[in-house]
Amino acid sequence: MSSILIIVFLPLLAAIIAGFGNRALGNTVAKSITTGALFVSCVLSWPIFLGFLGGTATAEVVQVLTWVRSGTLTFDWALRVDTLTAVMLVVITTVSALVHLYSWGYMDEDPDQPRFFAYLSLFTFAMLMLVTADNLVQMFFGWEGVGLASYLLIGFWFRKPSANAAAIKAFVVNRVGDLGFMLGIFGTYLVFNTVSIPAILEAAPAMSGATIGFLGYRMATMDVLCILLFIGAMGKSAQLGLHTWLPDAMEGPTPVSALIHAATMVTAGVFMVCRLSPMFETAPVALAVVTFIGAATCLFAATVGTTQWDIKRVIAYSTCSQLGYMFFAAGVGAYGVAMFHLFTHAFFKALLFLGAGSVIHAMHHEQDMRYYGALRKEIPLTFWAMLAGTLAITGVGIYWLHAGFAGFHSKDAILEAAWGRGTELGRFAFWMGTIAALLTSFYSWRLMFLTFWGKPRWIESEHIQHAVHAGHDEPEDHNPARQEDSGHDVTHAVPPPEYRGGTGGYHPHESPVSMLVPLGVLTLGAIFAGFVFTDAFVDSETFWAGSIYYNEGLIHELHEVPLLVKLAASIVMLLGLTAAWFAYIKDTSIPEKAADQLGPIYHFFYNKWYFDELYRYVFLKPAFWFGRVFWKAIDMGTIDRFGPNGAAWLVSKGSVAAKRFQTGYLYSYALVMLLGLVAAITWVVF
Amino acid sequence: MVDLSQYLPILLFLFIALGLSVAFVFLPMGVSRLTGAHQPTAEKLSEYECGFPAFEDSRGQFDVRFYLVAILFIVFDLEAAFLFPWAVSLDLTGWAGWTTMMIFLAELAVGLAYAWKVGALEWE
Amino acid sequence: MDYATSLYLTGAEIGLSISGLVLLLVSAWGGARVTRLVTILAAAALFGAAIFTGHLFTELSVPAAGDAFGGLYRADDFSSFAKILIYLAVIACLMITPKYLAANGIYRSEYPILLLFGAVGMSMMVSAVDLITLYIGLELSSLSSYVLASFARDDVRSSEAGLKYFILGALASGILLYGMSLIYGFAGTTDYAAIRLAFIGGIETGALFGIVFVLAGLAFKIAAVPFHMWTPDVYEGAPTPVTAFFASAPKVAAVAILMRIALEPFADHVDSWRQIVVFAALASIVVGALGAIGQDSLKRLLAYSSINNVGFILIGLATATQLGTSAMMTYLVIYVVMTLGSFTALLMLRAEDGRPFETFSDIAGLATRKPAIAWCLLLLMFSLAGIPPLFGFWAKFVVFRAAVEADLIALAAIGIAASVIGAFYYLKFVKVMFFDEAEGSVVKTSPIGQWIVLILAGIIVSPLGYFLNGLLDAWSSDAAASLFYLV
């Protein structure tokens, strides 16, 4: 199956050509090369996936190059293809190809298009390396590669200070997680003496119960390793505590948000936990941690999502929340279900982001939902796509028919698995997940209602005003890179007292075909991905074929949960929809009143539980203080003074002395020679 | 350790030579001082007309051509110094010795020819 | 005694000697007209000698040695290696010279002839396995060098350089001779192998004195600290092509005899002399680096640079192992290339009014005025500083590797640390050439011979030089093996 080589390395090749060719190639050539490469990869990926689905394909490892042979540490560049990889392959290549295509329209006016497309392809390559990794080091390579690409893309509009800050924040927060991941890899090598994933998974059960000493404590080896690895996953997948970078990452172009910060990169943590699932199964404490963090994130992000005004931030918190679902699914042992939600989520979340991008595109880069409204008629195709995405994320479906949108199948399975697990933590996760589902439904419909229903509120927007007063209402006339203020900061104001009506004479336009086609394809995915694949992902041990830990008993329990549990998600979905309808259609003064009455809680949610402020005081201030101490007192005052500067001072003095020694007089030269001779003789003889 | 006793005659010879040379220098000086008239003048105390003052500032200048003559003198003087032992031991060294010396002489001759041709032997 | 064999083994020296004598007569009778011809013929003779020596190098079964003239002279891989390097270096010196001397009105046919005789002396040195042969070779090359140093005899600095070199050289020769006579006195022989046998059971204090004196005399020739004082003055005063010669071929010869004398007759008493060599190595590295930093004169700076490099070479000697010896040979080759290249670049630079470039302010902004030369100098300077992937790094690497393998880890560590100091002034070259404002007049074009040497040097020190690695390693190990053949 050498097609995997093409799938993985074609995007790299495209990225190199487009990246280094850059302006010399021109926009169209660079875009064609990268997009073409991704579509080829995508077309080659589906047969692999379908092969596993049909049970005809078998797992295999394709050796590429020898990487390291050093003592007992040996690993290669190798591409592993099994069911788990195949699932990720189709997700990555499909979404990436569609996002490439979408970017033709979205980035049309940008002066730096080859760079953008090169980054996108580079990201895809790194992500593919991550999911095909056969050893932890190669996985780490991909892990860092996607981190790099994410950094570059968040900061793509590098003239915007906020984008740079967001990029740095994403990178730094990820370093925290990566430190855990690295320690996990080191520890794994220490314990198992290998970094090969199959070898580790094979040896893991035998290590269950072993303990490791650290700072005088005895701890269960596998728990320590798995928690360290999970910290890595938390950073990449924006779980509670290390989530702060994800909302800020929305500073990047919207296609980037769809690809990296919704469908693929942020799910790397989930993928890693599933890939190492036999290892996690030997670590009960670690699994408990995963479940708890997942469930907590799920609820936390959903609460924040209900209060945000920036359309992309709402979806970003929604992503964070959905990732929490995946993690607690994995934490209770339903890895297949976690992967299933990852799979469906990729489609509907990419759809929502791209749809949001289309709205933003139509609204002249206005991202604040307070200035939207009544767009249903103006951009109908985008509306229908967003509607499908919303139906999918809120989990609309009919239990008795076993039919529904993508999220219905996967989210319900997660909640059922959490209940079916039977443990207290499982029940906790179930309740958290159910409440989060209620909130999900609320904020998703809130987004829809604010954007597409009601009256136009466009006139308030500076972006729109700018477009109208500039005498051209074609949004395409402006490229985001020149819009210094396009990342409209939602925190600058509390909600305005009233939504004043008015279009301001602005006419939104539907997006070009290159943007609508990806929306269409993803709409199909959002509608059918759950229904079609639910049997394979959830119920079929043969489909997974040992690539993840498959808990037969749990799946059995999953189907045996009470009917009310099965209906819980649908019930809360309806509740959320109703609440949103009342608040944003029926009586638009409700949100304001609610915000007033629930003042403290509202502000708590609105300010994202004050995580950023907390970190500022707990970590940043001390870090700056330490930094200053180390810089002024230790680095400059001690190391520089006695190190480089001291050495330089000594050298310059020495050079002056050496020069003075060289008098130019013969007799002093002869004297030095003779003194040297005498010294040498004295030394040798005595 | 090398037996140094066979060098004793040389040492004795050195002492005798030293004694004799001292005697030859100071004896005439003493005799003439005791016997002759002693009326020094500036002219009488000066060096030979064509030589250098024996003691003067070592940085004094003199004609570089003296060096050239001295160097050439050393070369040919050494030639003579080699020729003597070569001549008396020719029966031991045989044709090899003869050939070697001829090569040496030929090289010297080339040197002489060069010096002659470039005018090193001419005072002006 | 088989004269045919002896004459065959010494063919290169004999050929060069006869060529020298003939050319001397030609120059005497031909006058100024034949200067160019004599130069070309001298180069041809050297080239022939190099070919012949190369033939010996491949023909003599490794690492067997061929003794000539009853054990006074030995042609082995070691001497052949050194000789080829010497001959090629001298040829390069001949190629880069004429333009410079002609510009100064001192291009005379004695110049190539002196180089030729110097080459004969040096090749006798490296083949000497007897103290007397060694001394004669040394004096022959030294006397040529004294004259060459003052070749611009109407130039005060050149005359001063020659005189200083001569007087200090005479002092060093005296020290060397005194050491030899002490060794002869205690060993009763001047033959290397016999000396070794004589001292096999132990060594008297007097003979130790002798060893120290001999090493000191040779240390003068390689300009190791504290016998280096003459180097900056002589290098600065002598005409630049002569300086290039001093820094290349005689260094090779002197290092080679130092190796042979340390590792053949005194091989059983390594502990006696190792401390001196270690000290000289470190002192040379440090003094070479420190002295160079304050310099404005480029020739003086390169003089200190050569002292610095000698320090690194001596690290190889301090190991007293075959690996160390092999490393020294490799280092010598690369060092000669770098040095000749640097001096050639200097030679090619002169102001509109004919004044040669000799200070940093002269080469300011060279990159804009003479980009090709500037880039070559950049390569050479980075290489001298030992920055990978340039070839100079490899030279230092093999030496340090040998030191580490010989458990001289402290020496290697200090050496590496001190090489950082040296990097400063090499980088200063680059900084001045590429980042300073250009001033002064335009530079004239240079003749083809100088370009050839410069570009060859540039190519060899560039990463392309690593293609030579296989050959260089093989040859160096052969050469080193022949030194240890009789051990």
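Predicted model: local features only at pLDDT ≥ 70, side-chain atom pairs only at ≥ 80, totals over all residues.

User: Where does UniProt place the transmembrane region feature in chain B?
Analyst: The unreviewed UniProt entry places it at residues 6–27, 66–89 and 95–116 of chain B.

User: How much helix is there in residues 66–89 and 95–116 of chain B?
Analyst: Residues 66–89 of chain B are 96% helix, and the end C-alpha atoms lie 35 Å apart. Residues 95–116 of chain B are 100% helix, with end C-alpha atoms 31 Å apart.

User: Moving to chain A, in which sense do strand 1 and strand 2 pair?
Analyst: Strand 1 (residues 60–70) and strand 2 (residues 73–81) of chain A are antiparallel, paired over nine bridges. Ser70(A) stands opposite Leu73(A). Two residues separate the strands of this hairpin, and Gly71(A) takes a positive phi near 60° there.

User: Now chain C: which peptide bonds are cis?
Analyst: One joins Val225(C) and Pro226(C), with omega about 5°. Another joins Pro388(C) and Pro389(C), with omega about 10°. Pro226(C) is in the loop between helix 10 and helix 11 of chain C, while Pro389(C) lies in the loop between helix 18 and helix 19 of chain C.

User: How many residues of helix 11 of chain C are buried?
Analyst: Seven of the eight are buried, including Trp230(C) and Tyr235(C).

Note on methods:
Residues numbered from 1 in each chain as written. Chains lettered and ligands numbered in written order. Heavy atoms only, no water. UniProt positions renumbered as here; feature names shortened; annotations may be inferred. Helix = DSSP H or I, 4+ residues; strand = E, 2+ residues; numbered from the N terminus. Pairing = 2+ DSSP bridges. Buried < 20%, exposed > 50% of the residue type's maximum accessible area, 1.4 Å probe, protein only.
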